[in-house]
Amino acid sequence: MSAQTGQNTLEFARNLDEQDPLAHFRQEFYISPDTIYLDGNSLGLLSKRSEQAVHDLLDSWKTLGIDGWTEGEHPWYYLPEKLGARMAPLLGAEPEEVIVTGSTTANLHQLIATFYKPEGTRTKIVTDDITFPTDIYALQSQLHLKGYEPNEHLIKVKSRDGHTLNEEDIIAAMTAEVAIVILSGVQYRSGQVLDMEKLTKEAHKRGILIGFDLCHSVGSIPHHLTQWNIDIAFWCTYKHLNGGPGAVGALYVNKRHFGTVPGLAGWFSSDKSKQFDMEHELTAAPHAGAYQMGTPHILSIAPLLGSLSIFNEAGMEKIRGKSLKLTQYMMDLIGHELSEYGFTIRNPVDDTRGGHLFIEHPEAARICRALKEEKIIPDFRSPNGIRLAPVALYNSYEDIWRTIQKLKIIMKEETYKNFENKRGVVA
């Protein structure tokens, strides 16, 4: 597929849509009229199935009251485990290795509190200098709690270009002083996909545990966490998984670590058969459920009942296949239509990119505002980045064609100059 060979017409885009085996899933989502939504890597759209699932859970509360914990179609008491099992195929994990609970940051705190065990000279944590800030804050906090100075014990592998990571640099940082490595499976800015299997093997060769933040990869690329022998992972569900704003997150613990006492224990860490014995000695769940803490947020979990059913129908391999085609088509059109306007593509151009593109321009903030004025929803990242995420389940090739044509007009007519070149409160 190459727009440079005359394939940059609306007819060509529509022909691709006609051949798309996932096209019918677009009808499952609420898309505002005349709007092209390209921000699914920040917040996925609402599906009709998720809407119905919320109504169903509300109805169970209305009709069952407290008995909703153990009765009805989806007893609340078992929902974290039930949804973990449904999510596991997207991660290449066994059902008992995944639990839906907490949030990205809370789950990272839990996993580090549990599995970061400094001993002797092995006290350091490796991450990188372009990861999402919440991971840095959490790791710094955990080091402080254990009496270590983050400036000395948090090793941030430097990006050579400010956008991507060199895996050999990460491996070189895996010294005998390192206890655990925490990295993002897909970089939130550039969309770079790390070779998680390779990095896990290298960490384990050196006696180091390794975990991954999968916020930008789950739902956009296939995973094989158990096969790759990854130790731990954590992620949100409101991006590619379309779980809704503030949706409950999830975590993965490899089954070989089952039985490790949770670092941050709570009532829902309990073995469910013992939880209501009300004992003051925790009998932890024999699976990933042990790393829950408090009562599950039922109404924030509900949308996942609907969204995960769509993912399991569509299949991650087909989703990934279309995602790569969508982003390639967009890159081709950018190269063909926008070459004279100063855009730079910063994401990997090969198949090591995730589900979004990252392009830079000195006027990025005001360009994003101009796009929104035209009902095209991008994502700005300071200081000069534009993220564009054509999502396989609800974006079309025609969406991409229209976006690039509109962007070309914005640049040609300089309508972006009608806006200030600064971000809003939420970017």
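Which residues make a nonpolar surface patch of about 300 Å²? Select Leu58, Trp61 and Leu299, which make this patch. Patches are built from residues with over 30% relative accessible area and no salt bridge, with like charges joined within 9 Å and nonpolar side chains (Val, Leu, Ile, Met, Phe, Trp, Tyr) within 5 Å. Accessible areas come from the Shrake-Rupley method with a 1.4 Å probe, and for residues only the protein chains shown count as cover.

This is a predicted model, in which local features need pLDDT of at least 70 and side-chain atom pairs count only at pLDDT 80 or more, while totals for chains, interfaces and linings use all residues. Residues are numbered from 1 along each chain as its sequence is written, and side-chain values use heavy atoms, with hydrogens and water left out.

**Stop 1: Leu58**

Stay on Leu58, which is found in helix α2 (residues 48–64). Helices (H or I, at least four residues) and strands (E, at least two) are DSSP runs, numbered from the N terminus. Leu58 counts as partly exposed because its relative accessibility is 34%. The classes are buried (under 20% relative accessible area), exposed (over 50%) and partly exposed (in between), with a 1.4 Å probe and protein chains only.

**Stop 2: the nonpolar cores**

Next, select Met87, Leu91, Leu199, Trp235 and Leu393. These residues have the most contacts inside the largest nonpolar core, which has 65 residues. Helix α10 (residues 298–314) gives the most to this core, with nine residues. A nonpolar core is a set of buried Ala, Val, Leu, Ile, Met, Phe, Trp, Tyr and Cys residues joined through side-chain atoms within 4.5 Å. A second, separate core has 35 residues, including Leu10, Leu16, Ile36 and Ile359.

Not counting residues up to four places away in sequence, Leu91 touches Leu214, Val218, His223, His224, Leu225 and Trp235. Contact means heavy atoms within 4.5 Å.

**Stop 3**

Is Ser184 buried or exposed? Ser184 is buried, because its relative accessibility is 5%. Ser184 has its place in strand β5 (residues 178–184). Show its side chain together with that of Thr131: the two make a polar contact at 3.2 Å. A polar contact is a pair of N or O atoms within 3.5 Å; within protein, one must be able to donate a hydrogen and the other to accept it, and residues adjacent in sequence count only if both atoms are side-chain atoms. Leaving out residues up to four places away in sequence, Ser184 touches Thr131, Asp135, Leu194, Phe212 and Asp213.

Move to Lys124, in strand β3 (residues 124–128). Lys124 counts as buried, at 17% relative accessibility. Beyond its neighbours within four places in sequence, the contacts of Lys124 include Tyr116, Glu152, His153 and Val178.

**Stop 4: salt bridges**

How many salt bridges does the structure hold? The structure holds 27 salt bridges. A salt bridge is a side-chain nitrogen of Lys or Arg within 4 Å of a carboxyl oxygen of Asp or Glu. Side chains of opposite charge can pair when their charged atoms come close.

Select Asp399 and Arg26. They form a salt bridge, and the closest N and O atoms are 3.0 Å apart. Asp399 is in helix α13 (residues 397–413) and Arg26 is in the loop between α1 and β1 (36–37), 373 residues apart. Asp399 is buried, at 8% relative accessible area, whereas Arg26 is partly exposed, at 25%.

Select Lys272 and Glu81 next. The closest N and O atoms of this salt bridge are 3.2 Å apart. Lys272 lies in the loop between β8 (250–253) and α10, and Glu81 in helix α3 (residues 79–91), 191 residues apart. Lys272 is buried, with a relative accessible area of 18%.

**Stop 5: backbone details**

Select Ser382 and Pro383. The peptide bond from Ser382 to Pro383 is cis, with omega near 5°. Pro383 is in the loop between β12 (379–381) and β13 (385–388).

Then go to Asp34, in the loop between α1 and β1. Asp34 is not a glycine, yet its phi is positive, about 60°. Asp34 counts as exposed, at 69% relative accessibility.

End at Asn229, in the loop between α9 (225–228) and β7 (232–235). Asn229 also has a positive phi, about 70°, although it is not a glycine. Asn229 is partly exposed, at 32% relative accessibility.
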